[in-house]
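This report describes a protein fold from its overall make-up down to single residues. Please keep the structure open while reading.

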Amino acid sequence: MDGLNQPRQEGGPLDNVGWHAVVRLLRPYGVRVAVALVALLVTAGASLSVGLGLRDLVDTGLTASNIRGLERALMLLLATGVVIAVGSYIRYYMMTWLGERVVADLRRDLFQNLIHRDVVFFEARKTGELLSRLTTDTSLLQTMIGSSLSLAVRNGIILLGGLVMMTVTSPKLAMACAVIVPVVVTPVLFFGRRVRRLSRESQDRVADVGAFAEESFNAIRTVKAFNQESGNLDRFNAEVEGAFATALRRTRVRSLLTSTVTIVVFCGLGAVLFIGGHDLVSGRMSPGELTAFLFYAVMVSFAAGVVSEVYGELQRARGALERIADLLQPTDRRAPSGHGPDTEQDARRGAGSVSLRGVSFHYASRPDAPALQDVSLDAKPGETVALVGPSGAGKSTIFQLILRFYAPHGGTIEIGRRDIRTMALADVRQQIALVPQ
């Protein structure tokens with residue numbers, strides 16, 4: 001098992017959204033997933049067998065006044081409880097480990113992808129939003145994999161198994177319950193879609209809160225210089241209230257889903273008790289059979305309630321997964337195609353030189369206002385060159401173009417007589433030492 005504790009060494013970024021994406025995240029840890037699944041199946045099966053033990057306990061132990069039958073039934077129930085306890089421990093530990101490990105991998109992949117993005121990407125994104133996806137959204141996925149997913153699968157198995165055991169115990173009562181199942185499933189599907197949409201919207205609003213707070217703190221001197229503390233506070237409060245209102249709508253829908261399922265389930269249990277009670281009095285059903293059926297009915301009802309609630313959590317996590325996947329598109333970090341200097345002598349002669357040839361550039365936010373227009377410059381090896389001009393003249397823009405933060409819209413830039421467009425980014429920046437003001 002020691003080998004199972006090693007973190008994943010390789011794995012591409014998440015490029016699809018959906019449950020198949022979760023499977024892709026879990027794939028490197030297939031052994032642990034298999035162990036957790038076996039433990040889950042064993043505990044679910046043991047839980048379902050309790051109903052049979054109760055039937056024997058009532059019919060052969062209590063009703064028949066059979067002491068040995070009573071002792072045997074109690075021993076079987078005790079053994080079943082031990083199996084459930086051990087299986088639950090293994091399932092919980094494995095699923096929690098998987099949740100923590102997968103989220104650690106996901107955060108690493110996400111940060112690795114973000115750190116290699118170009119400058120334009122970060123200019124179009126709020127840092128607070130990126131941090132929200134790196135921390136809050138990934139935490140939601142940890143909860144989904146470590147807890148919600150396990151609960152959903154376990155209670156789904158109990159739900160289906162319980163329905164089967166109810167049918168075996170009393171087909172008549174099972175048919176009565178079968179009428180209720182579509183009534184339970186319908187609100188789950190209907191409200192689930194709304195929960196997913198509102199969950200993503202809620203995460204977006206939380207990200208906006210963090211982004212605005214970060215902007216305010218980063219520009220705190222400007223805020224104080226213009227006496228804007230109160231104005232920023234009002235805007236922050238508006239962002240917080242917007243996030244609260246969105247979260248409240250999501251909570252209202254989830255609460256309505258849970259309460260609807262609960263009402264339907266209890267109405268179904270009432271119908272089962274009514275019909276089963278009549279069959280018991282008329283002798284068509286033994287006390288043990290009715291006890292077992294009620295046990296399975298309660299299990300199915302509880303499982304249906306858990307599935308409906310967890311379904312909302314899964315939809316919320318899926319909304320977070322969509323937000324994360326948006327940042328995990330592959331980035332191309334390969335060296336561009338092209339040729340270096342024509343000869344080794346040219347390379348040595350031009351080493352250390354920087355040249356701009358008719359460079360023109362405008363920022364995407366100001367397409368009609370060129371930052372540079374037909375600029376040419378030659379800085380020979382060993383020279384000290386100063387760029388002097390008013391604010392906005394393009395001094396910083398020139399250095400950003402040399403560093404290939406942006407690409408010029410016209411002209412060429414050369415380092416060592418080599419067009420920087422033909423060089424790998426790492427090679428360009430390795431030759432430059434920047435001291436920002």
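## Overall make-up

The model is predicted. The protein holds 13 helices and 4 strands. Of its 437 residues, 39% count as buried.

The accessible surface of the protein is about 24,300 Å², and carbon and sulfur atoms account for 61% of that surface. Among contacts between residues at least 6 apart in sequence, 77% join residues at least 24 apart.

Strand β1 covers residues 354–361. How many of its 8 residues are buried? The number is 6, and the strand is thus described as mostly covered.

β1 pairs with strand β2 (residues 372–379) in the antiparallel sense, over 5 bridges. Two positions show how these strands line up: V354 stands opposite A379 in β2, and L356 has L377 of β2 as its bridge partner. β1 is also joined to strand β3 (residues 410–415) by 5 bridges, and these two strands run antiparallel. In that pairing, S355 has E414 of β3 as its bridge partner.

## Helix α5

Helix α5 runs over residues 127–169 and has 43 residues. From its first C-alpha to its last it reaches 59 Å, close to the 63 Å expected at 1.5 Å a residue. Where does α5 bend? The bend is at M144 and amounts to about 45°.

D137 belongs to this helix. Is D137 buried or exposed? D137 counts as buried because its relative accessibility is 0%, and the cut-off for buried is under 20%. Apart from neighbours within four places in sequence, D137 is in contact with S132, Q203, A320, R323 and I324. As background, residues three or four places apart in an α-helix point the same way, because there are 3.6 residues a turn.

Most residues other than glycine have a negative phi. D374 is not a glycine, yet its phi is positive, at about 55°. This residue is found in strand β2. D374 counts as exposed because its relative accessibility is 55%, and the cut-off for exposed is over 50%.

R417 likewise has a positive phi, about 60°, although R417 is not a glycine. R417 lies in the loop between β3 and β4. With a relative accessible area of 43%, R417 is partly exposed, a term for values between the buried and exposed cut-offs.

Methods. Residues are numbered from 1 along each chain as its sequence is written. This is a predicted model: local features need pLDDT of at least 70, side-chain atom pairs count only at pLDDT 80 or more; totals for chains, interfaces and linings use all residues. Side-chain values use heavy atoms; hydrogens and water are left out. Buried means under 20% relative accessible area, exposed over 50%, partly exposed in between (1.4 Å probe, protein chains only). Two strands pair if DSSP finds at least two bridges between them. The expected span of a helix is 1.5 Å times one less than its number of residues. The bend at a residue is the angle between axes fitted to the seven residues ending there and the seven starting there. Contact means heavy atoms within 4.5 Å. Accessible areas come from the Shrake-Rupley method with a 1.4 Å probe; for residues, only the protein chains shown count as cover.
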